[in-house]
Amino acid sequence: MDWCITYVLWYVVPFYLLVHFVCFIFVDADFTLLRASLIGNKPETKLKGLVVWVTGASSGIGEELAYQLAKCGSRLILSARREEELTRVKRHCLENSDLKGEDILVLPLDLLKRTSHEEKTNTVIQYFGHIDVLINNGGRSQRSLCLETSVEVYEALMELNFLGTVSMTKRVLPHMIQRGRGSIVTVSSVVGLMGAPLMTGYSASKHALQGFFNSLRTELTDFPEILISTVCPGPVQSQIVNNAFTEVLNKPVATVGSQEHKMPTSRCVHLMLVGIANGVKEMWIAQQPFLLFYYAWQYMPTFAWVLTDLIGKKRVQNFKSGVDADSAYFTKPKTS
(Lines give C-alpha, C1' and ligand atoms only; values in the text may rest on other atoms or scores of the structure.)
Protein backbone atom coordinates (compact mmCIF):
# COMPACT_ATOMS: atom_id res chain seq x y z
CA MET A 1 0.00 0.00 0.00
CA ASP A 2 2.78 2.44 0.91
CA TRP A 3 4.51 1.61 -2.38
CA CYS A 4 1.32 2.39 -4.34
CA ILE A 5 0.90 5.75 -2.63
CA THR A 6 4.52 6.65 -3.30
CA TYR A 7 4.15 5.65 -6.96
CA VAL A 8 1.07 7.82 -7.36
CA LEU A 9 2.71 10.82 -5.71
CA TRP A 10 5.95 10.56 -7.65
CA TYR A 11 4.71 9.53 -11.09
CA VAL A 12 0.95 9.71 -11.64
CA VAL A 13 0.31 13.14 -10.13
CA PRO A 14 3.26 14.85 -11.91
CA PHE A 15 2.25 13.19 -15.19
CA TYR A 16 -1.36 14.38 -14.70
CA LEU A 17 -0.18 17.94 -14.05
CA LEU A 18 2.20 17.82 -17.01
CA VAL A 19 -0.59 16.74 -19.36
CA HIS A 20 -2.80 19.58 -18.16
CA PHE A 21 0.05 22.08 -18.54
CA VAL A 22 0.77 20.97 -22.11
CA CYS A 23 -2.93 21.13 -22.95
CA PHE A 24 -3.18 24.60 -21.42
CA ILE A 25 -0.54 25.91 -23.83
CA PHE A 26 -2.78 25.15 -26.80
CA VAL A 27 -6.31 25.63 -25.44
CA ASP A 28 -8.53 28.63 -26.15
CA ALA A 29 -11.14 28.29 -23.39
CA ASP A 30 -11.42 27.36 -19.73
CA PHE A 31 -11.29 23.68 -18.87
CA THR A 32 -14.99 23.44 -17.97
CA LEU A 33 -15.99 24.76 -21.38
CA LEU A 34 -13.44 22.58 -23.18
CA ARG A 35 -14.71 19.52 -21.36
CA ALA A 36 -18.23 20.38 -22.49
CA SER A 37 -17.03 20.75 -26.07
CA LEU A 38 -15.49 17.27 -25.97
CA ILE A 39 -18.07 15.18 -24.13
CA GLY A 40 -21.06 17.46 -23.55
CA ASN A 41 -24.27 18.22 -25.41
CA LYS A 42 -23.92 19.30 -29.02
CA PRO A 43 -25.42 22.72 -29.87
CA GLU A 44 -27.06 21.43 -33.04
CA THR A 45 -29.01 18.94 -30.90
CA LYS A 46 -29.70 20.95 -27.77
CA LEU A 47 -30.57 24.29 -29.43
CA LYS A 48 -32.66 22.98 -32.33
CA GLY A 49 -36.12 24.53 -32.37
CA LEU A 50 -35.45 26.94 -29.50
CA VAL A 51 -36.49 30.58 -29.78
CA VAL A 52 -33.34 32.68 -29.39
CA TRP A 53 -33.26 36.47 -29.19
CA VAL A 54 -29.89 37.99 -30.15
CA THR A 55 -29.15 41.67 -29.58
CA GLY A 56 -26.34 43.34 -31.49
CA ALA A 57 -27.06 40.91 -34.32
CA SER A 58 -26.07 43.17 -37.21
CA SER A 59 -22.30 42.57 -37.03
CA GLY A 60 -19.44 40.83 -35.26
CA ILE A 61 -20.23 38.20 -32.65
CA GLY A 62 -23.97 38.83 -32.90
CA GLU A 63 -23.99 38.28 -36.65
CA GLU A 64 -22.01 35.07 -36.34
CA LEU A 65 -24.34 33.91 -33.57
CA ALA A 66 -27.25 34.32 -35.96
CA TYR A 67 -25.53 32.23 -38.65
CA GLN A 68 -24.53 29.38 -36.37
CA LEU A 69 -27.84 29.32 -34.52
CA ALA A 70 -29.67 29.18 -37.85
CA LYS A 71 -27.61 26.12 -38.80
CA CYS A 72 -28.54 24.58 -35.45
CA GLY A 73 -32.20 25.05 -36.35
CA SER A 74 -32.98 27.69 -33.75
CA ARG A 75 -35.76 30.17 -34.44
CA LEU A 76 -34.38 33.68 -34.22
CA ILE A 77 -35.15 37.23 -33.24
CA LEU A 78 -32.48 39.52 -34.66
CA SER A 79 -32.17 42.92 -33.00
CA ALA A 80 -29.93 45.95 -33.48
CA ARG A 81 -30.45 49.54 -34.56
CA ARG A 82 -29.76 49.06 -38.29
CA GLU A 83 -32.73 47.29 -39.83
CA GLU A 84 -31.14 46.99 -43.27
CA GLU A 85 -28.18 45.12 -41.79
CA LEU A 86 -30.50 42.82 -39.86
CA THR A 87 -32.34 42.06 -43.09
CA ARG A 88 -29.03 41.18 -44.71
CA VAL A 89 -28.17 38.83 -41.84
CA LYS A 90 -31.61 37.20 -42.06
CA ARG A 91 -31.20 36.64 -45.78
CA HIS A 92 -27.82 34.97 -45.22
CA CYS A 93 -29.32 32.76 -42.50
CA LEU A 94 -32.09 31.59 -44.81
CA GLU A 95 -29.68 30.90 -47.64
CA ASN A 96 -27.46 28.72 -45.45
CA SER A 97 -29.93 26.81 -43.27
CA ASP A 98 -33.24 24.95 -43.39
CA LEU A 99 -35.12 27.78 -41.69
CA LYS A 100 -38.13 29.43 -43.33
CA GLY A 101 -38.77 33.14 -43.50
CA GLU A 102 -41.27 33.00 -40.64
CA ASP A 103 -38.64 31.40 -38.38
CA ILE A 104 -36.65 34.63 -38.21
CA LEU A 105 -38.07 37.88 -36.87
CA VAL A 106 -36.18 41.09 -37.64
CA LEU A 107 -36.86 43.43 -34.73
CA PRO A 108 -34.98 46.76 -34.69
CA LEU A 109 -33.98 47.70 -31.15
CA ASP A 110 -32.09 50.52 -29.46
CA LEU A 111 -30.69 49.54 -26.05
CA LEU A 112 -30.69 53.20 -25.03
CA LYS A 113 -34.46 53.50 -25.53
CA ARG A 114 -35.34 51.51 -22.44
CA THR A 115 -39.00 52.52 -22.45
CA SER A 116 -39.40 50.56 -25.71
CA HIS A 117 -38.03 47.27 -24.36
CA GLU A 118 -41.31 46.07 -22.84
CA GLU A 119 -43.12 46.61 -26.13
CA LYS A 120 -40.37 44.79 -28.04
CA THR A 121 -40.57 41.86 -25.64
CA ASN A 122 -44.34 41.65 -26.03
CA THR A 123 -43.89 41.65 -29.81
CA VAL A 124 -41.55 38.67 -29.59
CA ILE A 125 -43.88 36.72 -27.30
CA GLN A 126 -46.87 37.44 -29.52
CA TYR A 127 -44.93 36.26 -32.57
CA PHE A 128 -43.28 33.08 -31.21
CA GLY A 129 -45.30 32.45 -28.05
CA HIS A 130 -42.26 32.34 -25.77
CA ILE A 131 -38.53 33.08 -25.47
CA ASP A 132 -36.11 30.25 -24.69
CA VAL A 133 -32.81 32.14 -24.83
CA LEU A 134 -31.90 35.83 -24.62
CA ILE A 135 -28.35 36.63 -25.70
CA ASN A 136 -27.36 40.11 -24.51
CA ASN A 137 -24.68 40.94 -27.06
CA GLY A 138 -25.27 44.61 -27.85
CA GLY A 139 -22.78 47.23 -26.70
CA ARG A 140 -19.76 49.36 -27.59
CA SER A 141 -16.11 49.37 -26.59
CA GLN A 142 -13.71 52.23 -25.77
CA ARG A 143 -10.28 53.41 -26.88
CA SER A 144 -9.16 56.46 -24.90
CA LEU A 145 -7.08 57.50 -21.89
CA CYS A 146 -8.93 58.28 -18.69
CA LEU A 147 -7.51 61.79 -18.26
CA GLU A 148 -8.60 62.71 -21.78
CA THR A 149 -12.07 61.14 -21.63
CA SER A 150 -15.16 63.20 -20.87
CA VAL A 151 -17.62 62.09 -18.20
CA GLU A 152 -20.29 61.98 -20.92
CA VAL A 153 -18.44 59.05 -22.52
CA TYR A 154 -18.47 57.13 -19.24
CA GLU A 155 -22.16 57.89 -18.85
CA ALA A 156 -22.88 56.66 -22.38
CA LEU A 157 -20.94 53.42 -21.81
CA MET A 158 -22.86 52.63 -18.63
CA GLU A 159 -26.19 53.56 -20.18
CA LEU A 160 -25.61 51.32 -23.18
CA ASN A 161 -23.54 48.38 -21.97
CA PHE A 162 -24.91 48.05 -18.45
CA LEU A 163 -28.33 49.65 -18.08
CA GLY A 164 -29.47 48.67 -21.58
CA THR A 165 -28.60 45.05 -20.85
CA VAL A 166 -30.22 45.15 -17.40
CA SER A 167 -33.38 46.61 -18.94
CA MET A 168 -33.64 43.82 -21.52
CA THR A 169 -33.04 41.21 -18.84
CA LYS A 170 -35.74 42.61 -16.57
CA ARG A 171 -38.25 42.50 -19.42
CA VAL A 172 -37.51 38.91 -20.43
CA LEU A 173 -36.79 37.29 -17.06
CA PRO A 174 -40.39 37.43 -15.67
CA HIS A 175 -41.56 35.52 -18.74
CA MET A 176 -38.93 32.83 -18.12
CA ILE A 177 -39.80 32.61 -14.43
CA GLN A 178 -43.45 32.12 -15.38
CA ARG A 179 -42.44 29.24 -17.66
CA GLY A 180 -39.92 27.91 -15.16
CA ARG A 181 -37.09 27.66 -17.67
CA GLY A 182 -34.94 29.67 -20.06
CA SER A 183 -31.44 31.03 -20.54
CA ILE A 184 -30.09 34.56 -20.28
CA VAL A 185 -26.61 34.75 -21.76
CA THR A 186 -24.63 37.98 -21.57
CA VAL A 187 -21.48 38.79 -23.50
CA SER A 188 -19.11 40.39 -21.02
CA SER A 189 -15.35 40.56 -21.66
CA VAL A 190 -11.95 39.63 -20.35
CA VAL A 191 -11.85 43.20 -19.00
CA GLY A 192 -14.96 42.39 -16.99
CA LEU A 193 -12.63 40.24 -14.86
CA MET A 194 -9.54 42.45 -14.84
CA GLY A 195 -8.42 45.92 -15.90
CA ALA A 196 -6.89 47.16 -19.14
CA PRO A 197 -5.57 50.57 -20.23
CA LEU A 198 -7.60 52.67 -22.69
CA MET A 199 -10.78 50.90 -21.57
CA THR A 200 -11.57 52.34 -18.14
CA GLY A 201 -15.23 53.02 -18.90
CA TYR A 202 -15.75 49.87 -20.96
CA SER A 203 -14.11 47.75 -18.27
CA ALA A 204 -16.27 49.38 -15.60
CA SER A 205 -19.44 48.59 -17.55
CA LYS A 206 -18.39 44.96 -17.95
CA HIS A 207 -17.44 44.66 -14.27
CA ALA A 208 -20.92 45.98 -13.50
CA LEU A 209 -22.45 43.26 -15.69
CA GLN A 210 -20.39 40.58 -13.95
CA GLY A 211 -21.54 41.76 -10.54
CA PHE A 212 -25.16 42.10 -11.61
CA PHE A 213 -25.49 38.66 -13.18
CA ASN A 214 -23.45 36.87 -10.51
CA SER A 215 -25.82 38.35 -7.93
CA LEU A 216 -28.92 37.66 -10.02
CA ARG A 217 -27.91 34.01 -10.37
CA THR A 218 -27.97 33.62 -6.60
CA GLU A 219 -31.50 35.06 -6.48
CA LEU A 220 -32.78 32.39 -8.85
CA THR A 221 -31.78 29.26 -6.97
CA ASP A 222 -35.47 28.31 -6.78
CA PHE A 223 -35.48 28.10 -10.59
CA PRO A 224 -32.76 25.57 -11.49
CA GLU A 225 -33.94 25.41 -15.10
CA ILE A 226 -33.12 29.09 -15.67
CA LEU A 227 -29.52 29.57 -16.77
CA ILE A 228 -27.72 32.84 -16.09
CA SER A 229 -24.49 32.71 -18.08
CA THR A 230 -21.78 35.27 -18.74
CA VAL A 231 -19.32 35.02 -21.62
CA CYS A 232 -15.89 36.61 -21.20
CA PRO A 233 -14.13 36.69 -24.58
CA GLY A 234 -10.64 37.97 -25.12
CA PRO A 235 -9.70 39.69 -28.40
CA VAL A 236 -12.04 38.49 -31.17
CA GLN A 237 -12.21 39.47 -34.82
CA SER A 238 -15.17 41.85 -35.10
CA GLN A 239 -16.12 45.44 -35.86
CA ILE A 240 -16.33 46.48 -32.22
CA VAL A 241 -13.18 48.62 -32.48
CA ASN A 242 -14.61 50.54 -35.44
CA ASN A 243 -17.54 51.70 -33.31
CA ALA A 244 -15.64 52.24 -30.06
CA PHE A 245 -16.05 55.36 -27.96
CA THR A 246 -13.06 57.70 -27.81
CA GLU A 247 -12.34 60.65 -25.52
CA VAL A 248 -15.44 62.59 -26.61
CA LEU A 249 -18.83 61.53 -27.93
CA ASN A 250 -19.21 61.02 -31.68
CA LYS A 251 -15.47 61.07 -32.38
CA PRO A 252 -14.40 57.97 -34.35
CA VAL A 253 -11.37 55.82 -33.60
CA ALA A 254 -8.38 57.24 -35.46
CA THR A 255 -6.64 53.96 -36.31
CA VAL A 256 -8.05 50.46 -36.65
CA GLY A 257 -5.30 47.95 -37.20
CA SER A 258 -5.12 44.37 -38.39
CA GLN A 259 -7.18 41.80 -36.53
CA GLU A 260 -5.33 38.74 -37.74
CA HIS A 261 -3.87 38.06 -34.28
CA LYS A 262 -7.34 37.80 -32.72
CA MET A 263 -9.50 34.72 -32.29
CA PRO A 264 -11.74 33.98 -35.32
CA THR A 265 -15.32 34.99 -34.59
CA SER A 266 -16.61 31.60 -35.71
CA ARG A 267 -14.53 29.78 -33.08
CA CYS A 268 -15.61 32.13 -30.30
CA VAL A 269 -19.29 31.72 -31.19
CA HIS A 270 -19.01 27.94 -31.47
CA LEU A 271 -17.63 27.79 -27.93
CA MET A 272 -20.40 30.10 -26.74
CA LEU A 273 -23.05 27.80 -28.15
CA VAL A 274 -21.35 24.80 -26.56
CA GLY A 275 -21.51 26.61 -23.24
CA ILE A 276 -25.20 27.46 -23.66
CA ALA A 277 -26.04 23.90 -24.68
CA ASN A 278 -24.30 22.58 -21.55
CA GLY A 279 -25.43 25.16 -19.01
CA VAL A 280 -22.00 26.68 -18.36
CA LYS A 281 -22.44 29.64 -16.02
CA GLU A 282 -19.27 31.52 -16.96
CA MET A 283 -17.17 31.06 -20.07
CA TRP A 284 -13.57 32.18 -20.55
CA ILE A 285 -12.77 32.26 -24.26
CA ALA A 286 -9.42 33.50 -25.55
CA GLN A 287 -6.30 32.41 -27.36
CA GLN A 288 -2.98 32.34 -25.57
CA PRO A 289 -1.37 34.34 -24.09
CA PHE A 290 -4.63 36.08 -23.14
CA LEU A 291 -6.18 33.00 -21.52
CA LEU A 292 -3.22 32.94 -19.14
CA PHE A 293 -4.37 36.28 -17.75
CA TYR A 294 -7.75 34.84 -16.75
CA TYR A 295 -6.07 32.19 -14.63
CA ALA A 296 -3.40 34.56 -13.31
CA TRP A 297 -5.99 37.04 -12.10
CA GLN A 298 -8.06 34.24 -10.58
CA TYR A 299 -5.28 32.36 -8.79
CA MET A 300 -2.17 34.59 -8.74
CA PRO A 301 -3.31 38.23 -8.61
CA THR A 302 0.07 39.59 -7.45
CA PHE A 303 1.79 37.96 -10.44
CA ALA A 304 -1.05 39.17 -12.66
CA TRP A 305 -0.49 42.76 -11.56
CA VAL A 306 3.19 42.54 -12.57
CA LEU A 307 2.26 41.30 -16.05
CA THR A 308 -0.56 43.82 -16.41
CA ASP A 309 1.67 46.75 -15.46
CA LEU A 310 4.35 45.72 -17.97
CA ILE A 311 1.96 45.16 -20.88
CA GLY A 312 -0.24 48.10 -19.93
CA LYS A 313 2.72 50.48 -19.99
CA LYS A 314 3.65 49.32 -23.47
CA ARG A 315 0.07 49.59 -24.68
CA VAL A 316 -0.25 53.18 -23.50
CA GLN A 317 3.08 54.11 -25.09
CA ASN A 318 2.06 52.60 -28.40
CA PHE A 319 -1.36 54.24 -28.27
CA LYS A 320 0.26 57.65 -27.76
CA SER A 321 2.52 56.88 -30.72
CA GLY A 322 -0.47 56.34 -32.99
CA VAL A 323 -0.42 52.54 -33.04
CA ASP A 324 -3.75 50.73 -33.05
CA ALA A 325 -4.60 49.75 -29.47
CA ASP A 326 -5.60 46.19 -30.29
CA SER A 327 -2.40 45.41 -32.17
CA ALA A 328 -0.21 47.30 -29.70
CA TYR A 329 0.86 44.10 -27.98
CA PHE A 330 2.28 42.87 -31.26
CA THR A 331 3.65 46.11 -32.72
CA LYS A 332 6.75 48.10 -31.93
CA PRO A 333 6.06 51.77 -31.15
CA LYS A 334 6.86 54.32 -33.79
CA THR A 335 10.12 56.21 -33.47
CA SER A 336 10.60 59.81 -34.50
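This is a predicted model: local features need pLDDT of at least 70, side-chain atom pairs count only at pLDDT 80 or more; totals for chains, interfaces and linings use all residues.

Reader: What makes α9 largely enclosed by the rest of the structure?

Author: Buried means under 20% relative accessible area. Of the 13 residues of α9, 10 are buried, so the helix is largely enclosed.

Reader: How do you know that the reach of α9 is close to the expected one?

Author: The expected span is 1.5 Å times one less than the number of residues. For the 13 residues of α9 (265-277) that gives 18 Å, and the helix reaches 18 Å from its first C-alpha to its last. Just after α9, Gly 279 has a positive phi of about 65°.

Reader: Why is Met 300 called partly exposed?

Author: Partly exposed lies between the 20% limit for buried and the 50% limit for exposed. Met 300 has 42% relative accessibility, so it counts as partly exposed. You will find Met 300 in the loop between α10 (290-299) and α11 (301-320). Together with Tyr 299 and Phe 303, Met 300 makes a nonpolar surface patch of about 350 Å².

Reader: And inside, which residues touch the most other members of the largest nonpolar core?

Author: Among its 63 residues, they are Leu 65, Leu 69, Leu 76, Ile 135 and Ile 285. Leaving aside neighbours within four places in sequence, the contacts of Leu 69 include Leu 76, Ile 135 and Leu 273. A second, separate core has 25 residues, including Trp 53 and Ile 131.

Note on methods: Residues are numbered from 1 along each chain as its sequence is written. Side-chain values use heavy atoms; hydrogens and water are left out. Patches are made of residues with over 30% relative accessible area and no salt bridge: like charges are joined within 9 Å, nonpolar side chains (Val, Leu, Ile, Met, Phe, Trp, Tyr) within 5 Å. Accessible areas come from the Shrake-Rupley method with a 1.4 Å probe; for residues, only the protein chains shown count as cover. A salt bridge is a side-chain nitrogen of Lys or Arg within 4 Å of a carboxyl oxygen of Asp or Glu. Helices (H or I, at least four residues) and strands (E, at least two) are DSSP runs, numbered from the N terminus. Buried means under 20% relative accessible area, exposed over 50%, partly exposed in between (1.4 Å probe, protein chains only). A nonpolar core is a set of buried Ala, Val, Leu, Ile, Met, Phe, Trp, Tyr and Cys residues joined through side-chain atoms within 4.5 Å. Contact means heavy atoms within 4.5 Å.
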